Each structure stands twice: as structure tokens, then as C-alpha cells.
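Here is a walk through a multi-chain model, from the chains themselves to how they meet. Have a look at it first, then read on.

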Amino acid sequence: MNARNRILGKLRTSLAGTVPRPDDFDQTLVTEPWRYAPAERVSRLRQLMEAVHTEFHQTRSADWVALLAELLGARAVPDLLVSPQTEHGRLVHAYWQTRNDLPRLHAYDRPIEEWKDELFSHTAASLTGTLGAIASTGSLVVWPDRHEPRLMSLVPPLHVALVRASQIHDNLYEVMQAQRWAANMPTNALLISGPSKTADIEQILAYGAHGPKDLIVLLLEDA
Amino acid sequence: MSELFYDAAPNATRVAPARELPRQYPEKPSDIYLFGTCVVDLFFPEAGMDSIRLLEREGIRVHFPQGQSCCGQPAYTSGYRGEAKAVARAQLPLFVEDWPVVVPSGSCAGMFRHHYQDLFAEEPAMLLEAQQLAERTFELAEFLLHVCKVSFVGTQQGQADPVRVALHTSCTARREMNTHLHGRELLAQLAGVERVEHDHESECCGFGGTFSVRMPDISGAMVMDKTTALRESGAHQVVSADCGCLMNINGSLEKQNQALRGQHLASFLWQRTGGKA
Amino acid sequence: MNAQIPLNDVTDVSAGFKPRARAALADPRLRSNFRTAMDSLMTKRAAAFSDADERERLRELGNHIRARALSQLPDLLERLEANLTRNGVKVHWAETVSEANTIVLEIIQTHEARQVIKGKSMVSEEMEMNHFLGGQGIECLESDMGEYIVQLDNEKPSHIIMPAIHKNAAQVASLFEEKLGVEYTRDVDELIQIGRRTLRQKFFEADIGVSGVNFAVAETGTLLLVENEGNGRMSTSVPPVHIAVTGIEKVVENLRDTVPLLSLLTRSALGQPITTYVNMISGPRKADELDGPQEVHLVLLDNGRSQAFNDPELRQTLNCIRCGACMNHCPVYTRIGGHAYGEVYPGPIGKIITPHMVGLAKVPDHPSASSLCGACGEVCPVKIPIPDLLRRLREENVKRADPQHPVMRGEGSKYSARERLMWSGWKLMNTQPLLYRAFSFAATRLRGLRPASLGPWTEHHSAPTPAPRSLHDLAREHLEHPR
């Protein structure tokens, strides 16, 4: 603890006789330039996400599972990681039972240590929900949990994310306020704005650096 | 800058000064002081004289305090604060009347307008003087445009042959004095003058006062790039409102045996609007 | 530049900076790699801040948020520690890089770990962690593509955001061919896929993940990391143990404070509205969770920061959010690149932070290597007055060291009695009008005698010739005898 006390002691000595600066945070600066009419919200989210190679589909509650099946089929994806415990997972399972030509479904239902190799080597795609999206930056809000753990949106080369149009917020500040983040931060909270990318070689943009090579967003316009 | 913190505890954490509002300009005065700057004094006196002539033509009486020498910037930027302060202290009392002080250089004007207040932060009486000087210090182009409200349009009597010029704006004019657009506006008023842009126009020419002698390799690479850009712009001549930059740019062009040269904005304006070449 | 300074009378006690800079200036490929990259980064930043008023207001807010955090830094660090501890994160404190490395090593040894995978962290560069752990027989591998390339070539990063910016694709292609035994390809997509395959295996195997931190939130006990590649998420979620290392200045008070800072950071650094990933970590895996590290550690490193903190002017150095915009806009950095600086942090921010970390005496030329053009200060998202701080460091550099009340380690490293005498002469001349007049009289009347060589100046310029008569003379004559 010596280093701790020495560091804090030095800092306190340096500040002796002073008071903290007042909190003059101005939320208008991070909200007002970043507000959108409802229709514009979707188009901005889509435009920004597509600009960074996200595949974006506007669909409806009744149609999205079939669309998912079609998209996975077109890519010849062999398997899909999806949680049977979520509402969207149950819909997928129900639909999958009506057909036999669809990718194999499996669940992230054990600690990572028990199936790390399978996740890293034999999982082609995943489907997760989101807590919504952010129009100003083109981002998905993802809070991994027991049913959809952290690595689900990271390790498989293809990540499909489900977004409800009613849950698109204008900007990050408003999401934090609306969802009361400061009072209940999860162990891991994420903003995801496209598939993984890098420009570390000659500033040439390449996708699929370490995370998913592809990100598909299914936007439920009626949800 | 420290002047903003005089009422806070000396060890209080600083915030950046509030953004400068657009400067409010006074009515055209009857008298002004000219602070010539040491580089102009020795190497470009005609730029100082042409500044005087331009101002006189606007009906202004120009006063040139003979006690003036240097604004103190070379020592200030080299870390010799005490020496800079002594020189600043010698300049401050020269401007006794409440007249504007016009400076044909963005960097020396910046010294008056910003850094004297830093130098005298701990001397209340001098600080007040420094603040008053800052209020009435103007860079020449800024003064001509916004205080004299000069208009050269339709009044050309001097050289009228078409000429292409490249404008180099000093970093201090650009970033300390916010006067980088004034030169453009003045040039735009002149008949037969076409201003051309050059590559990386906003980039430093590499002068930086003692930087050019402490780091000659880096400074030399910068002025080489700058002069190359100026040459490739197709300009017949270069115009700048700072003689430090001009000394750097012209010295480099001469060393390279290039014919292109830079001239102070005051001289260019004077020659294009009726003055003798 | 004052006309009266003897131009060749400038002391130079530099050891390495100047020769390295000279070599870089003579390397056309390096010059062009940097010029191209910096031009592109400047353009992207400008496009990301298309509304100048919004940009300026946001910078001001960013400055105020950082100043507010620093104005209560010890309290916030304690609050951060308390909240992280409550969240299950173990917090460690280190005054020096050696202490920080020891802490990391002890954690590694507790877990009998052999393989460490690293997300990008400039603080770990300060610590030279790879080298230190390598010496202990522990493999410490970089996973950020740029860092990985640099590590493969036994180099240091040349830019804090784009570590391998000094290399072009052909150079990376040759490096991969040589070190990884893959077929030569200059296709950037293929090169990245090679990196991905190699590093995926390493993520899979690693016992420990190391990362930096962009913002540490005191209010919630959250470590916020930004990145595009996903290696940061991998490093912090796959291995069973995550060690974050960061400087003590990185704390902010509230979660909402990160909103403007994040926007300033990603737009200033890369012109992006946001990075691909914003990864907010508030604790290790909970009992009912299925992945994430079992242990999360945070190492808070001082390494000279408290020295900068001790002076209210120099304290502003610690506003920095490590966006790299100052180097992208610096005409000196653009020409000499990052390696010439010889230290972890290059460019303008490096010139003002490094002296606190290694002592001014080790980097005596850094404060002087600037024309004070002000481009860095103009773009800094948290409004650090970098040119003012460079000037201040020059003062600390040339003054006589004051052992009773030292401002910083290595102060006075450029003290020179000869140069001081010269400036005293300069002062005398410029405060005594008669002396000044005598000098200018001599200079103008004897202009024909000026030497053709004036030391460093005439390496790149012809010698300036004084005018035949000074402005003082001409003005007096003119004003006393109006037309």
C-alpha cells in the first residue's frame, strides 16, 4: 500500500488549498446536434452502419426469422449459435423445426472453458439481441449476459444482431439516461459499430481483423 | 494563460481560456503608434515605411517611438523568460498615449496581445499595462481592413500589370492573432492580382525563431517543402505579413538560386495602389 | 528570430535526437509514408468536425471535464478504487515502471501463466512490459495488428494510434514472409487475414490478457476501452485473467463524462464518429456468467505523472486522452516520424509528457524541436496549450537547476553560462535604446562586411543582408519632415 499512499500523498500536496472545479457538464452539446426525427433515425443508423460494411435489413416481426434463414442459407453457414432462452431464440427454434435444410443450431450453455475449441474453430455464426441502437454514431448497444455471453458477438466470423426500431436512440447520452446505465452497469457493456476492422497497414481499411468479419443487422420496423 | 487565474489558488487546476469572441474594432483613430519589430528594422525597413505610408494615406498620424527595439519574443520562446521580461518592460512605457499600436507582424503582435500578460502575471501594475496594450494592439492587415476599412477597389494608380501571388500566412497570425484571412481580403481588392493557393498552405514555413538555428535540419526540410510548394503554385511572387517568415523563405529561395521572392504585404499593397515601386 | 543573435552560438548537448532526425529526413520512403498518412488523417479529422462551432464547444467541454477530474484527482482515484473493488476488480498502485512490472509478474506467477496476449496499451510500452516479461521467460505477444507488426520487426511504435504507420504494405509483406514463413503478398486484406489466423490461436491459448484503458470511470468503477479490431475485446474477455494497466490521470468523474470525450477521441484520432467497439468493463465474470475473465486487475501507474501534476501549468499535460491528433498535425513529426524521438510517446504530446517520465536530461532536445507553430494546440481535443508548455519546458531546460525547489527531474539540462551571457547581452542591447541604435547603425553601415556563413542558418539559407538604413532612421526622417 506504500505506493498508493505515496502517490495519493503527492497529489494531495499538489492540490493543497484548492477546491474541485465545478461540474459544468453541458448535456446540450452531446444531445442537440445529435437529434433526429423518427424516420431519419433509421436512415441515419443504416447509412452509418453500411458505411462500415454492415449488412442492414429492414424487416418485420413476422418475417425476420425467415429472412435470417434465407441469409444464412445464401452464405451456406453450417451452424448458428443462438440462445434458446431468449424470445428471439425461441422463435428461431420454432421456425427451424418447420424445415430441415437450415444451419445446425447450438447454444452457449456452458462455461467457455468447456467448449472453447468448438467456439473458436467450429462456430460460424451467432445471433444476439441488442438493447437498442444509436443513430448518431451508427452503433448497437449490447450488454452480454448469461444467455448471450461476451464472446457470442465476438468470436464467430458472422454476427447477426436484432434491433427493434422503437429502441433506436438518438445519441449515446440519451441511451445512458434512458437505460440508467450509471446505476447498473453490467460486468461488460458494449457499443458495436460494424464488423471488426483495421487500417494499421498503410491506412488501408480491411475488415475482419480479430472479431466478426461480417455483421448483419436485422431491424424490426414494427417492434 | 495565467492572467485568467489570478483569483484562484496558485496551485488550482487550470481550464483553457474561454473562446475568443470576434474582435470588436474601434473607430478609425487620428493617431497610432507603429511598432516596427527588430527584423523589419534591420532587414525589411521598406516594409515598415510602406506601412507608415499606407496608414498616412488613410489620414492617420503615425508615431514611431525611437526607443523601441524588440518585442522580446526570441528570448521568451527560447526559455529566457527574465531577459524577455526585461525587454518587454522597456517596450511597454513607449506607448504612453491611448492610441492603437499597429504591428506589421503577426508574431510580434501576438507577443503584445497575449504573452506580455503571461510575463507580467505576477506584477499587478505591469499586468494592467500589458492588458491595456493587448487591447489596442493590431496586426497591420487587420488594422487596415477593420479599423481603417480601406477600400482599394477602383482606386488603383500604381502597378496594374496582372500578377499571380501566393500568400504565406505566419502561424502566429493564423493561430494567435486570427488574422489569416485579412491578407486574402486585402489582396482580393486589388485589380490585376490573382491569388493562388499553394500546397499545405496552412503549414509552418519552418522558421520558428531560434528553432531555425537550433534544429537546422528539420527547419531546413520544412522551408524546402514550403518554397517548393510556393514555386509549384505558379505564383510570380510571394506575399506575407511577417518578415521572420520572409527572411526564412527568401533566404532559402536565394540559396536554391530560385528567382521567386517574397515581399511584405504592406509593400505589395503600397506598390499596387499608387506608391512608387 | 532576432537579428542580433549570434546565429552560431547555440549550445548543442544532444546525444541522439538530432542524428536520428537527420537520418529520417534523408529517408524519402519514410518521409512519404508519413506525409501521406498524416495528410489523410488530417483530412479525416476535418471531415469529422464539419461544424466548427460544435467542435470548439465540444473541445471546451472536453477540457473542462479533464480539468474537473484533475482538480480532484486523488479523491477520484480513491473512489475509482472503491467502486472497482466493490465490483470485484483488484486495484494495484505503482510509482515506477519497475514496480508496475513486478505487480504484473506477480499476478502472472500466481497463475503459473506462460503466455500473455496484449491489447494495445501505451502504458505497457512505457513499462517495456514485453521486454521485461520476455526476460522472465514469459511470452508477451501484441495483438493489435500495428503493434504486432512492430513487435515482429523488433521495433517500437512510431505513432500512438497507428503503431506501424512508418511501414508500407510492401515492407509488411516482406516482414511476414521472413518471420512467419508465409508466401509474399502485398494484398492488405490477405496480410490482415494472416495476422488474424496467427493471433486467433494466441488468444485461444493465452493465460493472461493485458490491456490499456482509455477512461476509468470513478462513479461506476468502469474501465472503458475503444478499438476497431476486436483484439481489445479478445484480450479482455477470452483469457481467464485480465490485467489492465493505465496512468493515474486517466480517471474521469462520471460515466456521462465519457460521452463527449469519446466523441472527441475517435473523431480527433481517426475521423470516425465512433470506433467499432466501445468496451466497458466493470468487473470479472459473475457466478452466473459463462465467459469473461475470472479475475480483473487494474494497475495504476504514476511514472512521473505526479511531477507534472505538481505544477498547475504543467498539470495540463495530463488532460491528454491519447488521440494522436497533435502528431498528425505536427510539421516536425510529419517530417521525422515517430522513431526519431527515441521515446514511447513521439510528437508534440511526447515532447511535453516524456520529460516527466524519463527526466529532461534524457530528452534535452525535445522541447526545442518545435517551431511553436501552434498546430498541435489548435487541434488538441482537450485544449492542452502544447506550445505554451513547450516554451515552459525550454525555461526549465535552460535555467540553472534548483536542487532546493526542483520543478522537474533533469531540469537545467541545457544550462549554459555562455548562452546565458549571450542573452544577457541581447537583453542589454534591447533595453538600452542607445546601445540598440549603435548596434543597428553598425549593422546597417557595415552591411557589406556581413559574413557569408552564419553557422546553422546558412546551411539552408543565404546569409541575410541588413538594409542600408534602419527603419528607425527612415521613420524619423520621414515623420519629422512630412511630405
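Helices here are DSSP runs of H or I with at least four residues, strands are runs of E with at least two, and both are numbered from the N terminus. Keep in mind throughout that this is a predicted model.

## Chains B and C overall

Let's start with chain B, which has 13 helices and eight strands. Its radius of gyration is 19 Å, close to the 19 Å that the globule rule gives for 277 residues, so chain B is as compact as a globular protein of that length. Along the principal axes, the C-alpha atoms of chain B fill a box of roughly 60 × 45 × 35 Å. Buried residues make up 59% of the 277 in this chain. If you look at contacts in chain B with a separation of 6 or more, 76% of them come from residues 24 or more positions apart.

Chain C has 23 helices and 10 strands. The radius of gyration of chain C is 26 Å, close to the 23 Å from the globule rule for 483 residues, so this chain too is as compact as a globular protein of its length. Its C-alpha atoms take up a box of roughly 95 × 55 × 45 Å along the principal axes. Of the 483 residues of chain C, 62% count as buried. Residues 24 or more positions apart provide 73% of the chain C contacts with a separation of 6 or more.

## Helix 5 of chain C

Now zoom in on helix 5 of chain C, residues 97–110. Its 14 residues reach 20 Å from the first C-alpha to the last, close to the 20 Å expected at 1.5 Å a residue. The buried residues of this helix are V97(C), A100(C), N101(C), I103(C), V104(C) and I108(C). Viewed down the helix axis, those buried residues fall within an arc of 155°, so they line one face of helix 5.

Turn to the other side of helix 5 of chain C and you find E106(C), Q109(C) and T110(C), which are exposed. Just after the helix, E112(C) takes a positive phi of about 50°.

## Where chain A meets chain C

How many residues does each chain bring to the contact between chain A and chain C? Chain A gives 62 residues and chain C gives 75. On the chain A side, helix 1 (2–15), helix 2 (28–31), helix 6 (116–121), helix 7 (172–178), strand 9 (188–192) and strand 10 (197–198) each supply at least two residues. Helix 1 of chain A gives the most, with nine residues. Sorted by class, the side of chain A that touches chain C has 32 nonpolar, 15 polar and 15 charged residues.

Strands join across the two chains as well: strand 9 of chain A pairs with strand 9 (residues 277–281) of chain C, in the antiparallel sense and over five bridges. In that pairing, Y277(C) is the bridge partner of I192(A).

## Two positive phi values in chain A

A76(A) lies in the loop between helix 4 (64–74) and strand 2 (79–81) of chain A. Its phi is near 55°, a positive value in a residue other than glycine. A76(A) is exposed, with 8 other C-beta atoms within 10 Å.

E202(A) also has phi near 55°, again positive in a residue other than glycine. You'll find E202(A) in the loop between strand 10 and strand 11 (206–207) of chain A. Is E202(A) buried or exposed? E202(A) is buried, with 21 other C-beta atoms within 10 Å.

## Where chain C meets chain B

The contact between these two chains takes 67 residues from chain C and 64 residues from chain B. Helix 23 (residues 471–480) of chain C has the largest share of the chain C side, seven residues. That side of chain C divides into 31 nonpolar, 22 polar and 14 charged residues.

L372(C) is buried, with 26 other C-beta atoms within 10 Å. Which residues is L372(C) in contact with, leaving aside its neighbours within four places in sequence? They are T77(B), G208(B), P387(C), L390(C) and R391(C).

Note on methods
Residues are numbered from 1 along each chain as its sequence is written. Chains are lettered from A and ligands numbered from 1 in the order in which they are written. This is a predicted model: local features need pLDDT of at least 70, side-chain atom pairs count only at pLDDT 80 or more; totals for chains, interfaces and linings use all residues. The expected span of a helix is 1.5 Å times one less than its number of residues. A residue is buried if 20 or more other C-beta atoms lie within 10 Å of its own, exposed if 12 or fewer, and partly exposed in between; C-beta atoms are placed from the backbone. The arc is that of the directions from the helix axis to the C-beta atoms. The radius of gyration is taken over C-alpha atoms; the globule rule is 2.2 Å times the number of residues to the power 0.38. Two residues are in contact if their C-beta atoms, placed from the backbone, lie within 7 Å. Ala, Val, Leu, Ile, Met, Phe, Trp, Tyr, Cys and Pro count as nonpolar, Asp, Glu, Lys and Arg as charged, and the others, Gly among them, as polar. Two strands pair if DSSP finds at least two bridges between them.
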